[in-house]
Amino acid sequence: MGFLPGDFSAFISPQCNRADFIQSWLKSHGVDSARIVIEGKNHILVQFESRFYNPRFRIKTVVAHHDRVEGSPGANDNSAAVWQLMNWAVHLKNYPDFHNVRIFFTDGEELGTNTGVMEQGAFGIANTFQRLGIKDDVFVFDACGRGEVPVLARLNLGPQTPSSFVKTASDLYVRALQILKTASPQKWMTLPAAYSDNASFLACGIPAVAITMLPSDEASLYAMQVSQNESLESNVLNRSNVRDKGSRENFKDLLPLTWRLFHSEKDNEESLTAESFGVMENILKVLAFSKTPV
């Protein structure tokens, strides 16, 4: 894959210690990071010099999980987004103005797939934010290495959610959508997507959005499937709603191919596309530039 650096192959190799790799790579490119261990999960935090932060504007905490399912290279889930944010961190250390960005590479996102949000590694971070009264805007990037259509996961808050939080979360959602429209004006979508680390922050009362990528044909087909199948959106958000094996198989068939590659050997370098990295570069450029008054 000519658009990928040679050390990306080392990052997705089975024997790679992902947390060590990230910190070593960042250090070799002049970016300091800290290892944050919470309940045995190894998170990597990148914060920049104080001159890059302006207290009159909201902090943007940008998140990508570095863990992966055993037996899968995890090239798209979630190595691509991690790599994109690592390169962005190198750019941000020499940013010409303040950007109010901090980056977390989280551990244990995959643990929440079947056991619930409290098992997610990011829950420990979100819980700490809640305890300290930190109310950042949280942008989660997951599976951003395949396709050319940036997708904002639809905001789905329960009926018991306080109206004040609905307003705050909805405001972030609208601003995130504007970022996608600016970065990719001809191609962007909002679609139901399975929760990532955004679930942990939302559960702790912290506004969070999730952004992913899909090929245009897959995104269009999935959008049509959602419009034709009333239960699909709820099943995407909560797979436990699918009761029997036959239903699970039918449900899986309605998902984009990109998502069906997750957690398998086919989530490899060959599945990634150069276009995704160009679109992500634009999104991150707009995100760094965006400022929201406190």
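Helices here are DSSP runs of H or I with at least four residues, strands are runs of E with at least two, and both are numbered from the N terminus.

A word on the source. This is a predicted model, in which local features need a pLDDT of at least 70, side-chain atom pairs count only at pLDDT 80 or more, and totals for chains, interfaces and linings use all residues. Residues are numbered from 1 along each chain as its sequence is written, and side-chain values use heavy atoms, with hydrogens and water left out.

As to confidence, pLDDT is the predictor's own score for each residue, from 0 to 100. The chain averages 93, and 94% of the residues score at least 70. Over residues 239–248, however, the pLDDT is below 50, and this stretch has 9 contacts in the model beyond near neighbours in sequence. A contact means heavy atoms within 4.5 Å.

Turning to the overall fold, the chain comprises 12 helices and 8 strands. For 294 residues, a compact globule would have a radius of gyration near 19 Å, and the chain agrees with that at 18 Å; the radius is taken over C-alpha atoms, and the rule is 2.2 Å times the number of residues to the power 0.38. The C-alpha trace spans about 55 × 45 × 40 Å along its principal axes. Of the contacts between residues at least 6 apart in sequence, 79% join residues at least 24 apart.

Buried residues account for 52% of the chain, where buried means under 20% relative accessible area, exposed over 50%, and partly exposed in between, with a 1.4 Å probe and protein chains only.

Let me return to helix H2, residues 18–28. Its buried residues are Arg 18, Ala 19, Phe 21, Ile 22, Gln 23, Trp 25 and Leu 26. They pack against helices H1 (6–11) and H3 (75–92), and against strands E1 (34–38), E2 (41–46) and E4 (101–106).

Is Pro 73 buried or exposed? Pro 73 counts as buried because its relative accessibility is 19%. Leaving aside residues up to four places away in sequence, Pro 73 touches Ile 12, Arg 18, Arg 68, Ser 79, Ser 264, Glu 265, Asp 267 and Asn 268. The C-alpha atoms of Pro 73 and Phe 262 are separated by 9.5 Å, although the two residues are 189 apart along the chain.
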